[in-house]
Amino acid sequence: MLNEYHCWLQRRTVKNPALQAPVLQTVYAHSGGEVASQAAEEFRRGIERLLGFSPAMYPLSAGTGESVGVYLGTIATLEKQLPRAAGKLCAGGFVIKTAGKNLLIAGQDEAGLLYGVFRFLSLLAQGKAEDNIDLQEEPASPLRIINHWDNLDGTVERGYAGPSLFYRNGHFDYDPQRIEDYARLLASVGINRISINNVNVRAEAKLLITEAYLTDAAALAAIFRRFGIRVFLSINFGAPWSLGKLPTADPLDPAVTTWWKERAALIYRYIPDLAGFLVKADSEGEPGPFQYGRTHADGANMLAQAVKPHGGEIIWRCFVYNCQQDWRDHSFDRARAAYDHFMPLDGAFDDNVILQIKFGPYDFQVREPVSPLFGALRKTRHIMELQITQEYTGHQIDLCYLPWLWEDIMRFDTAYGPDSRIKDLIGQHSEGRFPIEGFAAVANTGLDRNWTGHTLAQANLYGYGRIIWNPALSAAEIAREWSVLSFGFGPAAHTAENLLLKSYPAYEKYNAPFGVCFMVTPGLHYGPNIEGYEYSRWGTYHRADAQAIGIDRRPAGTGYSDQYAAKNAALFADPASCPENLLLFFHRLRYDYIMKNGETLLQNIYDTHFEGYDEAAAMLEQWKGLKNVLETDVYQSVLSRFERQLANAREWRDQINTYFFRKTGIGDKRGRMIYE
Ligand code: GCV
């Protein structure tokens, strides 16, 4: 039985756990801070959930090492029991080890203990908890962040799973139990930071940093804190004048500097461990330093100095581009913007500023190249931004399993020397070392009972946590884990896993093959509108005409390809070596261009759209096979989404095919139906 609310932390009886139950009956738990206490409680709850009994809980001091049981602690507190091999792990790391008749779960710190507990429970639920466990793990990414684009009126920008978990009618309004359950889900996959309000800080959200709201913000932060998750607040760069009534928000104006210092001091009185501020500046209408003739380093550093005395950090988004473009002007290329703005500032940011860079140069499209800033930035702290909410990937109506894309991103080689794949570049910042410090991703959650609208979209939230913890994991491994944890070992798990793995290729085919972007309904971003953005101000053009399509981004074109390391610049600049799934991102090609399969580009456009639709139809049929297997409400809610997905795929197929047929007058060589 699937209880959608519990996601991958289902209640079920695990049969024949390899670990003999007696050891699990007694727990000796380190009573440190509140995260350690939560870890002990999670262990107790987890055993109860999976094995049906509640272990007896004792303080660690009651366990002599001779007494049989589970020992939960930090590596320091379990020093005597642990073999010396454990060594020092990164923050959040843990050891799970059987030692004699005992089981030890030891975190490098309390958060590590919590993650160790969740990993053990996950192994137990997957039937992988051996009676001789010896496991040591560390998170690859120090920063594992969830961004919420929740507004105080209760709406969620790009949210497809119901209203906000945190706000309603201009105020904090939440069920504390639900937030605790959310924090549990997030911590179980290693999340350690959360920003709780939209980066577009508008209307009453500007007041979030005032005393009228800070008590409530602090209460929310307190729930997340128990799970090792620290809160960020998104702030509006213009606050000194819009809120503080100063004549300016100029970052170099001493009155502005003082205003932010005092404001930070006030906020930290309420939330002493606030992770810091998240800032969207000079972007899509948000205020920023450009308004005052200042640089982004000026803006970010001023805020960084305000939070520094409190141990805070500034996450500064690189989503800065001109959104007032003239489509007639072919010389300007939005894809260049992040690199053009931020590369010249490399090294100009304070040590508590972290740049947050969208994974691609545009905006979470179905397929984009990895941003050229990765690998290139050498002297600036930075993280990568992903999007779990399915803004361009089907609104949680269409199934689209995002770890499929994230695996490709992790394996992308930036070509800056050896070991320069994204997954190799992730790590801990230290003096003179500026790796990718982690990830932030926009949440796909809301008040819907199943959290994510589409029940199978839970796999995207789960997968995000897993892949940023361990970027060596494949999308397929994650799909298997999630399916078993959610559905157990029956046919439903098998079907779910299989559907997840089919979903991204199918979506890409009927939606945006070959790296063509933004053929989507403007504003809404669901369903086709092939020229919807073509003559708009957003700088997102494909410029299809009767002969050709795509943007020439070679040096002879906009020069975007030259923002990459030489090897990649050459790779992308030649259509023969450019990966085909990015061909139309980098090149303007005639429809009779011959692709690797020997067919024309036009025929490939037709083929992918026909195939994508057929694959969506097959996914619907496959789901129907679970009719008598799953609870009716789960079955029906997913079924209705697959039906809507098929209708969407049909529109994409037919509108795209007709569009190109009308442009070219050339039909499908296989004679399939293309409407006039
Ligand atoms: C929060 C895209 C989205 C916007 C979003 C913006 C951003 O443009 O459509 O809804 O705004 O990205 O990342 O800031």
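Q: Which residues do ring pairs link into a cluster?
A: In this predicted model, the cluster linked by ring pairs consists of Tyr362, Tyr392, Phe412, Phe518, Tyr533, Tyr560, Tyr564, Phe572, Phe585 and Phe586.

Q: How many aromatic pairs does a search of the whole structure find?
A: The search finds 38 aromatic pairs. One of them joins tyrosine 564 and phenylalanine 572, whose ring centres are 5.0 Å apart with the planes at 65°. Planes over 60 degrees apart count as edge-to-face, so this pair is edge-to-face.

Q: Are those two buried or exposed?
A: Both tyrosine 564 and phenylalanine 572 are buried.

Q: And what about the rings of tryptophan 259 and tryptophan 260?
A: Their centres lie 4.9 Å apart and their planes meet at 85°, so that pair is also edge-to-face. Tryptophan 259 and tryptophan 260 are both buried.

Q: Changing topic: which residues are closest to the ligand?
A: The closest are Glu157, Lys280, Arg317, Lys358 and Glu391, among 14 residues that surround the ligand.

Q: Which side-chain distances to an oxygen atom of the ligand can you give for lysine 280, arginine 158 and glutamate 284?
A: For lysine 280, a side-chain N or O atom is 2.6 Å from a ligand oxygen. The corresponding distance is 2.9 Å for arginine 158, and 2.9 Å for glutamate 284.

Q: How much of the ligand's accessible area does the protein cover?
A: The ligand has 340 Å² of accessible area on its own, and the protein covers 96% of that.

Q: On to helix H5: what span should it have?
A: Helix H5 runs over residues 211-226, which is 16 residues.

Q: Which of its residues are buried, and what covers them?
A: The buried residues of H5 are Tyr213, Leu214, Ala217, Ala218, Leu220, Ala221, Ile223 and Phe224. Their cover includes helices H4 (176-188) and H7 (254-270), together with strands S9 (171-172), S10 (193-195) and S11 (230-235).

Q: What comes just after H5?
A: Glycine 228 is found there, with a positive phi of about 75°.

Q: Last one: where is valine 516, and why does it count as buried?
A: Valine 516 sits in the loop between helix H14 (491-511) and strand S17 (548-549). It counts as buried because its relative accessibility is 7%, and the cut-off is under 20%.

Q: What does valine 516 touch?
A: Leaving aside residues up to four places away in sequence, valine 516 touches His542, Ile549 and Leu584.

Definitions and conventions: Residues numbered from 1 in each chain as written. Predicted model: local features only at pLDDT ≥ 70, side-chain atom pairs only at ≥ 80, totals over all residues. Heavy atoms only, no water. Helix = DSSP H or I, 4+ residues; strand = E, 2+ residues; numbered from the N terminus. Expected span 1.5 Å × (residues − 1). Buried < 20%, exposed > 50% of the residue type's maximum accessible area, 1.4 Å probe, protein only. Contact = heavy atoms within 4.5 Å. Near = heavy atom within 4 Å. Polar contact = N/O pair within 3.5 Å; in protein donor to acceptor, adjacent residues only side chain to side chain. Areas by Shrake-Rupley, 256 points an atom, 1.4 Å probe, with all protein chains shown as cover. Phe/Tyr/Trp six-rings, centres within 6.5 Å; stacked < 30°, edge-to-face > 60°.
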